[in-house]
Amino acid sequence: MEWPWQYNFPPFFTIQPNSDTRKKQLEAWCSLILNYHKQKKSYSIDVTEILNSQLCHNKEIDRKLSLDGLYTVLDELCRTGHLEWKDPKTKKQCLVMWRTPEEWGNLIYSWIISKSMTNTVCTFYELTNGEESEGTEFYGLEKWLLLRAIKTLEAQRKAEIMMFDDSEGVKFF
């Protein structure tokens, strides 16, 4: 993982009181968290685990983001549509989306167009684990996020989710 310059800047680990500075700091934290999870191809966060991870604790400069600070950053990610709490009451675990469902949907649809696969049906497995999709950014995408991405395409009338036998698939238009 290549850390941004802020990661070695001690004030980065303390949420700043000045609104302009805080805004830039939160943007940097959000970017760091999304890039970290993108690199690891991870789609979930456990608050306790992440708080004690290298992501929130820079041992070289002996600085650690506080629990309140982490919640401030996670709430910002939630506001931008990149995070969703599994249980909003407890706020212990969340789903993280380094791309929003709309962005994933657009990426998948662009790939479908480039492969001339409109008016064909693909299983969810083929899309995220098939030979054709190997090497794409959505290869290995978790099913819950794939489903949300396809639902955004359904809303745009570019796709339709289909059920057959024990499989789920999607027809692209």
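Here are some friendly notes on this structure, which is a predicted model.

1. **Overall build.** Let's begin with the whole chain. The protein has 173 residues, and 40% of them count as buried. You will find 6 helices and 8 strands in it, and from the N terminus on they follow the order α-β-α-β-β-α-β-β-α-β-α-α-β-β. Along the principal axes, the C-alpha atoms fill a box of roughly 55 × 35 × 30 Å. Of the contacts between residues at least 6 apart in sequence, 54% join residues at least 24 apart.

2. Have a look at helix H1 (residues 19-40) and helix H3 (residues 67-79), whose axes come within 9 Å and cross at roughly 80 degrees. An angle from 65 to 115 degrees counts as roughly perpendicular, and H1 and H3 are therefore roughly perpendicular to each other. On the H1 side, the residues in contact are Arg22, Leu26, Trp29, Cys30, Ile33 and Leu34; on the H3 side they are Thr72, Val73, Leu74, Glu76 and Leu77. Sorted by class, this contact between H1 and H3 has 8 nonpolar, 1 polar and 2 charged residues.

3. **A three-stranded sheet.** An open sheet is formed by 3 strands in the order E1-E5-E4, with antiparallel pairing. Strand E1 (44-46) and strand E4 (83-85) are at the edges with a single partner strand each, so one side of each has no neighbour in the sheet. On average, neighbouring strands here are turned by 25 degrees against each other, direction ignored. E1 is joined to strand E5 (residues 93-96) by 3 bridges, and Ile45 stands opposite Cys94 in E5. Helix H3 turns up again at this sheet: H3 lies across E1 and E4, and runs at about 110 degrees to E4.

4. **The strands towards the end of the numbering.** Strand E7 (residues 159-164) and E8 pair in the antiparallel sense over 6 bridges, with Ala159 opposite Phe172 in E8. The two strands form a hairpin with 2 residues between them. In that turn, Asp165 has a positive phi of about 50 degrees. E8 (residues 167-172) also pairs with strand E6 (residues 121-123), again in the antiparallel sense, over 3 bridges. In this second pairing, Thr123 stands opposite Gly169 in E8.

5. **The cysteines.** How many disulfides does a search of the whole structure find? The count is 0. Cys56 is in no disulfide, and the nearest cysteine sulfur, that of Cys94, is 11 Å away. Cys56 counts as buried because its relative accessibility is 0%. Cys78 is in no disulfide either; for Cys78 the nearest cysteine sulfur is that of Cys94, 8.3 Å away. For a disulfide, the two sulfur atoms would have to be within 2.5 Å. At 32% relative accessibility, Cys78 counts as partly exposed.

6. **A threonine worth a click.** Is Thr128 buried or exposed? Thr128 sits in helix H5 (residues 124-129) and is buried, as its relative accessible area is 5% and the cut-off for buried is under 20%. Leaving aside residues up to four places away in sequence, Thr128 touches Ser133, Phe138, Tyr139, Gly140, Leu141 and Leu146.

Notes
Residues numbered from 1 in each chain as written. Predicted model: local features only at pLDDT ≥ 70, side-chain atom pairs only at ≥ 80, totals over all residues. Heavy atoms only, no water. Axes fitted to C-alpha atoms, helices over the stretch in contact; angles between N-to-C directions. Helix = DSSP H or I, 4+ residues; strand = E, 2+ residues; numbered from the N terminus. Parallel < 35°, antiparallel > 145°, perpendicular 65-115°, else oblique. Contact = heavy atoms within 4.5 Å. Nonpolar A, V, L, I, M, F, W, Y, C, P; charged D, E, K, R; others polar. Pairing = 2+ DSSP bridges. Buried < 20%, exposed > 50% of the residue type's maximum accessible area, 1.4 Å probe, protein only.
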